[in-house]
Amino acid sequence: MVVFGQFLEVLIGGLLAGVLYSLVALGFVLIFKASGVFNFAQGAMVLLAGLALVRSLDFMVARGIPTWAAIVLGLLFAAVVMAITAAIIQRFVLGPLVNQDGLSLFMATIGITFVIEGAGQMIFGSDVYPLSLFPTDAWFILDGIFEGGLLVSKIDVWGGVIAGALVAVLAIFFQRTKTGRALRAVADDHAAAESVGIPITWIWFVVWLVAGLVALTAATVWGTKLGVQFSIVFLALKALPVLIIGGFTSVPGAIVGGLIVGAGEKIAEVYLGQHIGGGIEYWFAYVLALAVLLVRPQGLFGERIIERI
Amino acid sequence: MLYREAGQFKTSYAADMAIFPIRQDRIGVIALLVFAFVGIPLLAHFQLWPLGSDYFLRAILIPFLILSLAAIGVNILVGYCGQISLGSGAFMAIGAYSAYKFGTGVHIPLEFLGTEISIAPLPMIVSILLGGLMAAIVGILFGIPSLRIKGLYLAVATLAAQFFFDWVFLRVKWFTNYAPSGSVAAPDFYFFGYLVNSPIERYLLCLVFVTIFALIAKNLVRGNIGRQWMAIRDMDIAAELMGIRPLYAKLTAFAVSSFIVGVAGALWAFIYLGAWEPLAFSIDRSLQLLFMVIIGGLGSILGSFLGAAFILILPIFLDQVPHALGVPVTVETVSHLVFIVTGALICYLLIVEPHGFARLWSIAKEKLRLWPFPY
């Protein structure tokens, strides 16, 4: 029972950690679906959103503004920062690059990553800033069944709740609103959407704004868990194998992929890592993704790629 | 006026197939090589500007040469064969650590067989080439997924190589000869029994490597195999229908590219760094190499040199200029500025000149042919 309890604990911890990867992966999927751009900058956007939030919070709390007001204003400020970023990216980078092939756009987003990383840290500072929006202690559940109970950290549960809410909101936004329908139309065919009167530049701005807000959401959870710091960018890279496993174009895929990666790497770390040296969390997700790629190149939920000459 | 090929008739196939078909280009390249092989050592010997101190050699020329070599390798894969790779840093690491192991002697204990494989320390040149060979083998292994996946998916797959080998060289102590700190120091470098130690000797050694490999690469990409790579890059299905074997073309691109990158990695570790840890070959290095190739020009050997020079000099430039102007700038700000300028430049170049500096160079040459007339 103890062995099984430990396994359950690792599994739950892994699944909940995977939700955090899903949060970042969602941002990737949104932009990829709506504009065909594979956005390498999503991790940098999480960093920027987190920095904007935590620095404005510190600023306001130091001036004696009550905490709840500071949090609301801070979130608003961070959202505005993300909106400005989205506008700049759309106006100066993606606008001129319209109709280029996917690889050029991908490399452009690597460029954007560097600009955001540099500018964000230059403006907001480059230390580790603790953020405490959510409780960080842990619950012990199922005390009666397993000896000592199962350790479940509250921040991970909050992350799960937020991710669930986010998916629901996004689903409603995409399915029920006018802008959402326009987004789906643009995703299907840029030229056709434009010819029926959908303002494509506006739509792309909206897409990047939504991705920015998703990044902000991810930043609140990750920032609380790890502190807002530069290494968030590298953790966000883990969202790439998540995407590979789930498929680039699928929102549910991003969630499921995140869960698989999170649970897989924790279990591998605990049960396999001790035999081959530890720290395999660092690369396990990527190798898992590689294995999935060899079997299903489009991911578990992705659309099948049909190629024509 | 000077740069005009009028009157240069090609009367043989050999002349038609020359690497530099225009006489002025040939003279220019030979002059550059003579300057690099003779002029710079002379300047260094007499301590003339800008080689009055070792700084210029150690901090600019040597890293420039080695990174150019690595960029040539990456360019073969990304620029010529169109297989985007974010794992070049890992292949540099494989080259470096393999060369280190071959240079210090390999011992593989096989306890269950009651024996062990032992190889005495090999000469450095052999070790470096073997390092390249190991990188090529691993490159082929990680190139196999490229047969099924392509583009962005492949980019993520190469990330797997990057993170996996970061971990391997950090955790598997065998590779570092059980050094407690995880950092290893290169053994003394003997070139056919002659100790290569002073900066100028190191520089010349790098120069020899870079010249030879650039020549090989240039000839590969304009030959049969290079044309296959480019056909695969431009449209793989069409290339396949024309009778090009994707398996062969892609895997040779991975092998050649990884070999060159691996040799560059070994040189980087042995000649430039001297002592290093896995961090020297992290994903930052991969991205840096990719930037060099994009900024310099995808699908251009010359572009690899231009890109490497630019990426290398940019931080030094951004560091020196504010100091020269008397503006106080902290080290941190400089590093952030480097990030911003590099990123912005990549976006700008992708928008304005997707073919990079190499394309600007060829435009300049076109203009030069007509100069001083406008057309």
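In the predicted model, the largest nonpolar core holds 209 residues, and the members that touch the most others within this core are B:Leu69 and B:Leu267. The greatest contribution to the core is made by helix α10 of chain B, spanning residues 246-273, which gives 16 residues. When residues up to four places away in sequence are not counted, B:Leu69 touches B:Phe209, B:Val210 and B:Phe213, and also B:Ile260, B:Val263, B:Ala264 and B:Leu267.

Taken along the principal axes, the C-alpha atoms of chain B fill a box of roughly 80 × 60 × 45 Å. The radius of gyration of chain B is 22 Å, which agrees with the value near 21 Å that would be found for a compact globule with 375 residues.

One part of chain B that lies largely in the open is strand β1, residues 106-110, because the number of buried residues among its five is zero. Strand β1 of chain B is paired in the antiparallel sense with strand β2, residues 115-119, over five bridges. Within this pairing, B:His107 has B:Ser118 of β2(B) as its bridge partner.

The contact between the two chains takes 35 residues from chain B and 40 residues from chain A. On the side of chain B that touches chain A, at least two residues each are supplied by α6 (152-171), α9 (236-241), α11 (283-296) and α13 (331-352) of chain B, and the largest share, 13 residues, comes from α13(B). By residue class, this side of chain B divides into 26 nonpolar, five polar and four charged residues.

B:Tyr153 lies in helix α6 of chain B, and B:Tyr153 counts as buried because 25 other C-beta atoms lie within 10 Å, where the cut-off for a buried residue is 20 or more. Leaving aside neighbours within four places in sequence, B:Tyr153 is in contact with A:Ile244, A:Leu293 and A:Pro297.

Terms used: Residues are numbered from 1 along each chain as its sequence is written. Chains are lettered from A and ligands numbered from 1 in the order in which they are written. This is a predicted model: local features need pLDDT of at least 70, side-chain atom pairs count only at pLDDT 80 or more; totals for chains, interfaces and linings use all residues. Two residues are in contact if their C-beta atoms, placed from the backbone, lie within 7 Å. Helices (H or I, at least four residues) and strands (E, at least two) are DSSP runs, numbered from the N terminus. Ala, Val, Leu, Ile, Met, Phe, Trp, Tyr, Cys and Pro count as nonpolar, Asp, Glu, Lys and Arg as charged, and the others, Gly among them, as polar. The radius of gyration is taken over C-alpha atoms; the globule rule is 2.2 Å times the number of residues to the power 0.38. A nonpolar core is a set of buried Ala, Val, Leu, Ile, Met, Phe, Trp, Tyr and Cys residues joined through C-beta atoms within 7 Å. A residue is buried if 20 or more other C-beta atoms lie within 10 Å of its own, exposed if 12 or fewer, and partly exposed in between; C-beta atoms are placed from the backbone. Two strands pair if DSSP finds at least two bridges between them.
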